[in-house]
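Here's a quick briefing to read alongside the model. Have the sequence and the fold open while you go through it.

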Amino acid sequence: MSTLSPTAKGYIITLSCPNRPGIVALLSQALYDVGANITEAQQYDDVGSGTFFMRIMFDIVKGGADESGVREAVAKVAEQFSMKYRLNCQSYRPKVMMMVSKFDHCLVDLLYRWRIGELPIDPVGIIANHPEETYKDVEFYGIPFHYLPITKETKPAQEARILALTKEAGAELVVLARYMQILSNEMAAALSGWCINIHHSFLPGFKGARPYHQAYERGVKLIGATAHYVTKDLDEGPIIEQDVERISHADRPEDLIRKGRDIERRVLARAVRYHIEMRTVMNGNKAIVFTS
């Protein structure tokens, strides 16, 4: 067993590339050469697209390379196999911008999980299209709050302001925690791949507005929620996480909404955690998710 240095750094690499023999062997050898001890490895070969996906967690043993050496070694292998990859320290905390409308249950849940250390993120702002007094019972813990009401006339200017605030704060992830505004194609394109939305329905069913009422009218026996990456296609981005709960004919729309809030909270929290732990990789209109 390798002895880890008291100052050992842990890393995560998540990658995708055209599949061919030797990827795992050469990457493992490169990591070994810089003093890496692999602690977890998952891989997936998508036969349909001919794409290989992998996620590796590793530590650098005593006397191993520093971070620049690790990055240089990985970059050489990545170039050889035309890899798209992300490499971060395991202790890295991404900056996150949260967006919310009237219903604050998902926002409150994310803030709670962050406060107790369950979600290792650095919230850099909360953007809402309702005034701050709407959330008078919510503790923001000093996180900057931005009230940006949206109307048909103000939408282009406010979306530009949202993107500016996100850039100024250095946000690396935007979370739509029940932000009930349809994004313009331009806004969705700007956020594509680094914005997670929670939709209160088990997609692809019941897209758009009032999905619980749609579900009630159809007499469904299961309701659910879906967390997905934002794309220009409404509620059609790559799905990260979903969950369901059984209901009955006796449940009214308000019962579905109440039960749905519990599903939404846990689905969004899991999706955010998968993203920040680098467990997700885009694969066209789908997401590869290496769950723990």
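Strand 8 (residues 173-176) and strand 9 (residues 195-199) run parallel, joined by 3 bridges. Helices (H or I, at least four residues) and strands (E, at least two) are DSSP runs numbered from the N terminus, and two strands pair if DSSP finds at least two bridges between them. This is a predicted model, with pLDDT of at least 70 needed for local features and 80 or more for side-chain atom pairs, while totals for chains, interfaces and linings use all residues. Residues are numbered from 1 along each chain as its sequence is written, and side-chain values use heavy atoms, with hydrogens and water left out.

**The seven-stranded sheet**

- Across from Leu176 you'll find Asn197 in strand 9.
- The open sheet has 7 strands in the order 7-6-5-8-9-10-11, and its pairing is mixed.
- Strand 7 (145-147) and strand 11 (239-246) are at the edges with a single partner strand each, so one side of each has no neighbour in the sheet.
- On average, neighbouring strands of this sheet are turned by 15° against each other, direction ignored; axes here are lines fitted to C-alpha atoms (for helices, over the stretch in contact), with angles from 0 to 180 degrees between N-to-C directions.
- Helix 3 (residues 105-115) packs on this sheet and touches strand 5 (95-100), strand 6 (122-128), strand 8 and strand 9; contact means heavy atoms within 4.5 Å.
- The direction of helix 3 makes about 155° with that of strand 5.
- Helix 4 (residues 155-169) lies across strand 5, strand 6, strand 7 and strand 8, and runs at about 155° to strand 5.

- Another open sheet has 4 strands, ordered 2-3-1-4, with antiparallel pairing.
- Its edge strands are strand 2 and strand 4 (84-89), each pairing on one side only.
- Neighbouring strands in this sheet are turned by 10° against each other on average, direction ignored.
- Strand 1 (residues 10-18) pairs with strand 3 in the antiparallel sense over 9 bridges, and Leu15 stands opposite Met54 in strand 3.
- Helix 1 (residues 23-33) packs on the sheet, touching strand 1, strand 2 and strand 3, with its direction at about 20° to that of strand 3.
- Strand 2 (residues 36-46) and strand 3 (residues 51-60) run antiparallel, joined by 10 bridges, and Asn37 has Asp59 as its bridge partner in strand 3.
- These two strands make a hairpin with 4 residues between them, and Gly50 in the turn has a positive phi of about 70°.

**The second largest pocket**

- This pocket (an open set of points on a 1 Å grid over the protein atoms alone where a 1.4 Å probe fits, with protein on both sides within 12 Å along at least five of seven lines) holds about 390 Å³ of space.
- That volume is the space filled by probe spheres set on the points, which are joined across faces, edges and corners.
- It is lined by 19 residues, and the closest to its centre are Arg86, Gly193, His275, Met278 and Thr280; lining residues have an atom within 4 Å of a point.
- Strand 1, strand 4, helix 7 (253-276) and strand 12 (280-283) each give at least two lining residues, with the largest share, 4 residues, coming from strand 4.
- The lining has 10 nonpolar, 6 polar and 3 charged residues, where Ala, Val, Leu, Ile, Met, Phe, Trp, Tyr, Cys and Pro count as nonpolar, Asp, Glu, Lys and Arg as charged, and the others, Gly among them, as polar.

**Salt bridges**

- The whole structure has 19 salt bridges, each a side-chain nitrogen of Lys or Arg within 4 Å of a carboxyl oxygen of Asp or Glu.
- One of them joins the side chains of Lys9 and Glu67 (2.6 Å, N to O).
- Lys9 lies in the segment before strand 1 and Glu67 in helix 2 (residues 67-81), so the pair ties together parts 58 residues apart in sequence.
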